[in-house]
Structures are given as structure tokens and as C-alpha cells.
Amino acid sequence: MKIAVCVKQTIDTEAVITLDADGQVVTDGAALIIDPYAEFAVEKAVQLKEANGGEVVVVTVGTQDDVPAIRHALSMGADRAILIEDANIDTTNPLAKARILAAVLEAEQPDIIMGGYKSGDTGQAQTLPRVAAIMGIPQVGWITGLELEGETALVDHELDDGVERVSVALPALFTAQQGLAEPRYPTVRDIMQSKKKPIDTKDLAAIGIDPSLVGPAAAQVVVKSYALKPEREGGRIVEGDVPDAVAETAGLLASEAKVL
Amino acid sequence: MQEATRELYWNIPSHWFMYVLFVGVVVCFAIFFYRRYRLWKLGAPEELSDHKSERFFGAFKEVFTQKRVVRKKSSGIMHLFIFWGMLFLLVATTLVALQDHFGIPILYGDFYLYFISLGIDLAGLVCIVGVIIALVRRAAKINSNLETNTADIVWLALLLVILLSGFATEGLRIVGTNDPWAIWSPVGYVFALMFSGMSPEALSLTHQIIWWGHLVLAFAFLAFFTYSKMAHVLFIPGNYYYRSLKPAGTLEPIDFEDEELETMGVRTLEEYTWKDLLDAQACIKCGRCQENCPAYLSGKELSPMRFIQNMAAQNLERGKILLKVPEDARTEEQQTLLEEGVVGTVISEEALWQCTTCRSCSEECPARVVHPEKDIKARTYQVCMESAFPPEAQQTFRNLETNGNPWGIGWQKRTEWTKDLDVPTIEENPNAEYLYWPGCSGAYDARSRKVSTAFVQLMKQAGVDFAILGNAEKCCGDSARRLGNEYVYYMLAQENIETLKQAGVKKIVTQCPHCLQALSVDYPQMGGNFEVLHHSELLAQLIAEGKLKAGSCEYAQVTYHDSCYLGRYHGQYDAPRNVLKQGAGAQLVEMERNESKSFCCGAGGGHMWLEEPQGTKINDMRAEQALQTKADALVTACPFCLTMLTDGVAAHDSQMPVKDLAEVLAEAQFE
């Protein structure tokens, strides 16, 4: 059983986000972590490997700066990693990344492909479903459970009002939602050993992709500008006798806040 | 009148035979001692052969003053009686042997009367009193922390019989020789009265029987004492000699740059050092370690005494295989036993995580056994090698790794507390005399930020030239290290040391005693040598120098809670009290458990970040002790204590304010 997990590195959810003069998010000095959703997927993949044997391969599209996230996945128990690094890649474009991942995964032929259903930073939730589409394999998103029965996977797919159990023939792609698995805390031994595990860095030529397919020109969606979340303003305290105050609050909710 | 003396070995013509027996005694003693020696030598190496004279004189003083034993008055005095009584008797016996064997005239004249007759009689009496107190204490179970088994009673009874038979032989000799100086041996004289009517033949026979009985029992004691807990007579002085000369709470550093590094912390018993195992052998299970142990007293599973006793028992059990059965001849069962780690055999997984590293056990231990470090060594293995620790610690570890603070708040938010204050960073004031280290609590915790603010105001008032590191400061790593996460500690410490060195920092003032411990004791192991002091020390200094005037705070009486890491770890009990008395004009009312006997708030050893599922809440217990003083405020000098005691006081529905001494001082100065 071979499981591939697509991993992204993101800015820590607690980080203070600032924009530079060009309106781009400043990543210099920001605390970077393995994307929390990808981490759920890595944990589940490692658990499946521990139970059934096989191999877990981490795949990342990015740069050497993303190596800490890859090492973290390796320290959790993944066996090796593939990093596709090329200056021609527009890493903000999910389609470009999906094309690259699909090419790598076609070559790897894993039984299961996993990753986060979205990333903790840009949160577009585009890349992995596109990978499945390009590869022509089934995919189930937002999964909170995964069991194997021979060549079939039984997965729990989270819905707005419940959970749907889906039976899928492998190979297939699954995207992780919180609850799929509780990520382990790697031991120092694991961390040390992860430094000896191979990270195979490839460029576009090595995986046979035309740079024009993954460059900025290929983008179908363009981010025009980023804006910071407005500072939270202080609440309003309605004073007076309880019946009056309640009536006034209800009025405000209807007229000003327009939530009633 | 004839010179005072007595006939040695009266009525014992063949007393030379005792030397034959004595050879047997020495052989037994040596065999049992060697067996013990081999057991503790199973431990890992530890270099303690330095500072020989300092070690010797320190140990000598502690042995002969019995300083650590009399720390507890009741049992201490009992032990003092037995110790000094026995010592005198030993000296007298040696002198008798010297005179008899080498013909040196010693037992004559005034020396004989005052020392050998009167002195030794009284010493024997004192010793008997001590042994009787010891027997009664055990039989009547006066101390619930004192475990008593048959062997304890047998040894005491044996001592008593030896002492009484000694006096009986003396009494018989007095009668038999019609000793003119009998009155100089008052206890012997009383015994003599009992034998006064006996016929000479009966007297001679009785004397010979009791004399030989006394000798055989005393020799049996000497032969077998290294086999029993009586070996403490040798092992505790040995433990004093091999005491750590390093600051309290020193943990052995792990070098993560070392490529050969294979394991961390302690898994199997023999990974503890020989000194750890000697500690276990020196333990006489007096139970004093439990008497102020927050985990034990709050009804948790951990008993520091059990932990150490189990170490000794396992040492013996495993030693039987390791020392006697060659590796290829061991049965499967023996192999399995040797494979077992200390967690589960010496200490349960629950108990391992219950120690708050408050150090009260080691402070109270008359044998100088060091407990918390042994616990932390096992935690280090559990965390670094097995990833087995209370699940709630995982988030703390990740937070420390990502944002350098236990809450995981963005590292760029560290200086937010200075927003409305004018606090220079080290870039802005590169030549500052003091680098102020607010620590994670002082920077992030809403409650402790008020303490930082008060301390900054005080430093400004006193004209202290200071600066902060700003966002470059990271958690000191104390919690991580004492939770066994040596790796996260190492990374944090390395970064902090680098930052501090680059900023050219020499003097640091912390407001958290845990930061104080990390920066002053842990960091020098990694090349970070700074002069570190606690804010209570700087404030006391500023008051003494007149840079802060004496004020008067709103509280008539305050009670001060000694933080474990400021008190027992750093021995600082006076500075915080001086700040309150002289600076804030407060009257101090002490809790029953104070200074070196202070009771932990429950947050040390990383417990700030753990749940407390078993037993009573430790902070509730300490809050209750504070409430009993009826003081107007509870003052502390540690952000962890502040949080724990605030919660504890609230749990008792009390309105008693809980404050840091900097806040109390600032209020007294500025209002």
C-alpha cells in the first residue's frame, strides 16, 4: 500500500498578518507550520501504514523554505518526500499546483492520495479536487474517518447536518477535515531520523511539465489585492431597565445590525 | 589513694577469642558492603571525585552536627541521642582495645573517672533513652508517615538488648570487683544493686554469660548492619560526601549536536547514575519527604519515599540477575524483567507526572536524597523517546515550538503590553545596565502584565537603566525542560542565549522565578553566562540604597507565599520580605508552612500546563493555608503562583486579594 500526502506549509494561525508596500502578505519572520489540515492527513496516512504496512510519500510544491513542514511530516512517520521547486511555478495558483501534483502522482501510482481539504492560510480548497479530476480518480472531501477493506475504502464524509459513509474503490483521493486523526507529537528520535529521510527535489523538466502551463499566465483567477481584517471594535452596552433595554437591543439588532 | 582505673576483661580469661570472632565480623561486614557497592555501581557513570576537601568537611560537619536530622525536632532529637550515645560508646570500646592490645595506659585517673566511667555511662543512658523513644514512636504509630516493619523493630530491640547487657556486665563487674569508684558509673551502679546478693560463683557465671552474650550481639550487629537499613550509618555520610555541589535543580544537559546520541533520559534503572542508586540505598524511609509533598498530601499516587524505596528494591532485584547470571544464561523471564523500564516498575505513569518539582522532599530529606531530578530524567525519556506524556502538554509543546510561548499567541504580540508604557528595547537602549526579562507571563498574561507594569514604574521611579529584548525574547524553556521536553528546551535556550549574547547583555532581571532558574542555572550549561537576579532582589536592593522610599500599602497585614523556585531553589527568603516590610510598610503574618517549608502552589514542573485529575487541588490547599492567617492580602513573587493562588482563593469564595510584591510596592509608592 502506497499513500501519498500532499503537504503545504502555512503561516501559523496565531501569527500577526501584515502587508508590505505592494499589498502582499509579509511572510518574513512569520511563524511557519505544517498546514493543520495536511497534518491530519499525514497522521491518518501514517496510522494506515502502521496498521497495514506500505509507504507514505509526502509531496510538496514549493521551495526549500518549505522543508521544515516536510521534515515535520517525515518525523511523524512518512518515509520520503518529493519537493517540486521551480522558479516558473506560480504557487498561488491552485490549478498550477494541481497539474504539478497530478504529474508527480501519476508517476508514483499511490493507492491513496490525501491532503487537507483546504489550507489554513489561503483556504481556497481547490488544489486536491482538481488533482483528482486531472487524474480521473474518485475523490471524497471533508473526511473524518477512513477504514480499509481490501481494495475499497470506507470513508466518513462530513455534511452540514451529519456524516455520510462512502465506499470508494482505490485508488482514490481524500481530503481531510478536522477530526480525521489526532496528530502525534514526534519523539526526538523521530525528529533525528527524519533528517536522514530523503527529500527528492525536482524541477518542472524532471516531471515533464511545460512551464507555460503552471506559470502566472495560466492563472484563471487573479488576486487583485489583500486587505487586513478590520480591527475589532468595542461592543455597545445598552443601559436601562431590563424590559426597555431588551426592547432597544431587539430594535438595534433589526435596524442597525440587520440580523433580525 | 590508688589511681582510679578498672581491670579490663575481669572474669573473662579467654577474651582473646573475641578477636577471632572479630575477624569473622569484619569478613561479614566486608562481604555485605561489597554486595551493596556492586549494586549501586550498576548505575551509569557520574563524575563526583572533585573538590575532595570541600566534600569531606561539608559531610563531616553535617554528620557530627546532625544538622539535617534535627531539622525535624521530635525525631531529630531522638536520633541525636542515639547518634552521640553510640559514638561515645564506640570511642570507649576502641580505647579499651587500644590499652589491652597495645598496652597504652589510657583508662586511668581523672580521664577514667570523668570520661570512661561517668561520660560513657551517661552516653549509654542517653542512647537507651533514644532507642526507647524510637521503639515507642514506632509501636504507637505516632507518625503516620513512618512505615514500620518487623526488621525495624528487631534492629531497635537488638540495640536495646546490647545496651542493657552492657550495663548488666558493668553492674556485675562492680559487684564482683567491689569497685571503689562504682559511684562514678551511676547507671552501672544501679545495675550492681540488682546483683549485690549473689554468690561469687553465680555472679561469675552470670557475668561470663552476659558478657559473651553482649559481645556476640554487638558483633552480630556489626556483621550484619551493612546488610540492612542500618547501613545508613555509612551510606548517609557517603551520600553527604558525594552530594551535588552544583546549584539546586541542576539537570544534566543533553547535547543534541552529538551525532552519536542514541537515547535521552532514563528508561531502565541502570541508566540512572550510580549516585542516584546510592541515594536509593541511603534512604531509610523516614517519610519526611512526604510530609510537605504537595502531590502526596493532596491525595495523589506519588510518594517520593515509595519512588526511592522502589528504586532500591528494583536495584536489588535486577542486580541478582545482572551480577550473578551471565548474559547467555538468562531465562526468558529474567530477560523480560531486565527489559522493563522504570516507568511502571519504580514509578507509575500517573505518579511520574504528579511531581511539581517543588523540591520540598529533597529539602527535608536527612539523607540528602535528591528526588525531583530522578523524576525528570524518566520524563525526559518518556517525552523525547516515546512521546508518552499527558495529552494536554502537546499543545503547550507545539505552542513553544511555533511561537515561543506556552499559549501559542503570535510571537509578534509579545511587546503589546508595553503599548501604553515607555519601555525601551535593547536596540533603543543598547547600553542598558539591566535587561528586564518579563517572561511569557509578564508579557502575555493579562494578570501578570499588571505586575510587569508595576515593576516598570518602580524601575523608572528608582532611575534604573533598563531595556527589554522585545519580540526576540522567547520562553525560557523551564516548563518544557521539567516536563521532560529537553529538545524544545534546547531550541529555546539556544535562541535566547544567542539573542542575549548578540545584544551584549550582562545583567538580567526576571520577574518569574522559573525564568530565574533557567537563565541562571540552566543556560550556563549551554554557554549563556549572565548575572541574573529576581525582581524581588532588585527591588530590595533599590529600597536598601534609598532609591525607592519607604511607603505604606493599604493592607495592614499581608502573608507572603514563598515560590519554590525562588525559595528552595535559590534560597531567597529575605529579599521579598524586605520589600514588603521596608518598602511597602506591610506587617507580615507567616503561614505555618513558610520559607524552606513553604507549600507549593501546584504549578511547578510544567504543572501550569497540565490538568490535575487526581486528589485535592494543590492550589486550593495552599489558598486555604493563606486564608487561615486572616491577612488582608496574599502576596507572592511568581506569576505561576499568582495564577494558581488567585484561582485557589476564588475556589474558597474569599475576597482576599492575591498580588505580586511589585504591585503591592508600587501601590505603596505611588498612591
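Axes are lines fitted to C-alpha atoms, for helices over the stretch in contact, and angles run from 0 to 180 degrees between N-to-C directions.

**View 1. Packing of helix 1 against helix 9 in chain B of the predicted model.** Helix 1 of chain B spans residues 17-40, and helix 9 of chain B spans residues 274-282.

**View 2. Residues in the contact of helix 1 with helix 9 of chain B.** Helix 1 of chain B contributes B:R36, B:L39 and B:W40. On the side of helix 9 of chain B, the partners are B:W274, B:L277, B:L278 and B:Q281. By class, the residues of this contact are 5 nonpolar, 1 polar and 1 charged.

**View 3. The contact between chain A and chain B.** Chain A supplies 12 residues and chain B supplies 16 residues. The side of chain A that touches chain B holds 7 nonpolar, 4 charged and 1 polar residues. For the model, ipTM is 0.84 and pTM is 0.92.

**View 4. Domains 1 and 2 of chain A.** The domain assignment places domain 1 of chain A at 2-218 and domain 2 of chain A at 232-260. Between the C-alpha centres of these two domains the distance is 46 Å.

**View 5. Confidence along chain B.** Chain B has a mean pLDDT of 95. A pLDDT of 70 or more is reached by 100% of the residues of chain B.

Methods
Residues numbered from 1 in each chain as written. Chains lettered and ligands numbered in written order. Predicted model: local features only at pLDDT ≥ 70, side-chain atom pairs only at ≥ 80, totals over all residues. Domains from an automatic or database assignment. pLDDT = per-residue confidence, 0-100. Helix = DSSP H or I, 4+ residues; strand = E, 2+ residues; numbered from the N terminus. Contact = placed C-beta atoms within 7 Å. Nonpolar A, V, L, I, M, F, W, Y, C, P; charged D, E, K, R; others polar.
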